[in-house]
Amino acid sequence: MKIRKILVFLLAFILCSLSVLPCFFTFTYAEDIGLPEPPEIEGVSAVYFYNITSDKLIAAQNETVELNTSTSAKVMMGLLACEKLGDRMNDHIQVTKEMLSGISGVQYGFKTGQSVLISDLLYAAICGSYNDAAYIVAYAVSGNVENFVDLMNNTAKELGCTNTHFANPHGLHDENHYTTAYDIWLMAREAMKNPTF
């Protein structure tokens, strides 16, 4: 009986001690001091570094200088592919010889007559950056590459990309293909609004 009283007393003492311990400690919370200063920008032609979460421009350098980059074509092609084909992800597209003509650069290896799931096509075109996938997207959306490139250029104008011109859907070097870091931001911002993208 005496041991039981001692155990009850010890348990009561421990519980009381634990209940008053927080009174002896102060809690420190991290202060929101914002983002650190951006690093020095070296070795790049242009930068437009924007934090979409805080809706704040972090750094910009030569953001309106015209560049020849495939990134802009991939983003615009992806945006249009998701807008026009996003509700058909489980449909198939039959690859034709015409869709694969005149393609150079990195290719996935689609074959004439192959049936391609649209979701797989978009992954290959957007994530894999395969040029043959970009051509198939162009045909699937606009019937041919020329009409798709016109759609890319018209959409760029609608988004306010005043220093952008597309020559093809995949971005391979062409003197008529140019954009700026700022214009790529405008395209990327629009693409991020699309849940399929």
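Biologist: Which residues in H2 meet H6?

Modeller: Thr71, Ser72, Val75, Met76 and Leu79 in H2 meet Ile184, Met187, Ala188, Glu190 and Ala191 in H6, where contact means heavy atoms within 4.5 Å. By class, this contact has 7 nonpolar, 2 polar and 1 charged residues (Ala, Val, Leu, Ile, Met, Phe, Trp, Tyr, Cys and Pro are nonpolar, Asp, Glu, Lys and Arg charged, the others, Gly among them, polar). This is a predicted model, in which local features need pLDDT of at least 70 and side-chain atom pairs pLDDT 80 or more, while totals for chains, interfaces and linings use all residues. Residues are numbered from 1 along each chain as its sequence is written, and side-chain values use heavy atoms, without hydrogens or water.

Biologist: At what angle do the axes of H2 and H6 cross?

Modeller: Two packed helices are described by the angle and the distance between their axes. Here H2 (residues 70-85) and H6 (residues 181-192) have axes that come within 9 Å and cross at roughly 25 degrees. H2 is therefore roughly parallel to H6 (under 35 degrees; over 145 is roughly antiparallel, 65 to 115 roughly perpendicular, the rest oblique). The crossing of H2 and H6 is left-handed.

Biologist: And how far apart are the axes of H2 and H5?

Modeller: They are 10 Å apart, and H2 packs with H5 (residues 145-158) at about 100 degrees, so the two helices are roughly perpendicular. From H2, Ala73, Met76, Met77, Leu80 and Lys84 meet Phe148, Leu151, Met152, Thr155 and Ala156 of H5. That contact divides into 8 nonpolar, 1 polar and 1 charged residues.

Biologist: Which residues of H3 are buried?

Modeller: In H3 (residues 118-127), they are Ile118, Ser119, Leu121, Leu122, Ala124 and Ala125; buried means under 20% relative accessible area, exposed over 50%, partly exposed in between, with a 1.4 Å probe and protein chains only. They pack against H2, strand E3 (92-94), strand E4 (115-117) and helix H4 (131-142). Just after H3, serine 129 has a positive phi of about 60 degrees.

Biologist: Where does asparagine 176 lie?

Modeller: Asparagine 176 is in the loop between H5 and H6, and with 45% relative accessibility it counts as partly exposed. Leaving aside residues up to four places away in sequence, asparagine 176 touches His165, Phe166 and Ala167.

Note on methods
Axes are lines fitted to C-alpha atoms, for helices over the stretch in contact, and angles run from 0 to 180 degrees between N-to-C directions. Helices (H or I, at least four residues) and strands (E, at least two) are DSSP runs, numbered from the N terminus. A crossing is left-handed if the near helix is turned anticlockwise from the far one by less than a right angle, and right-handed if clockwise.
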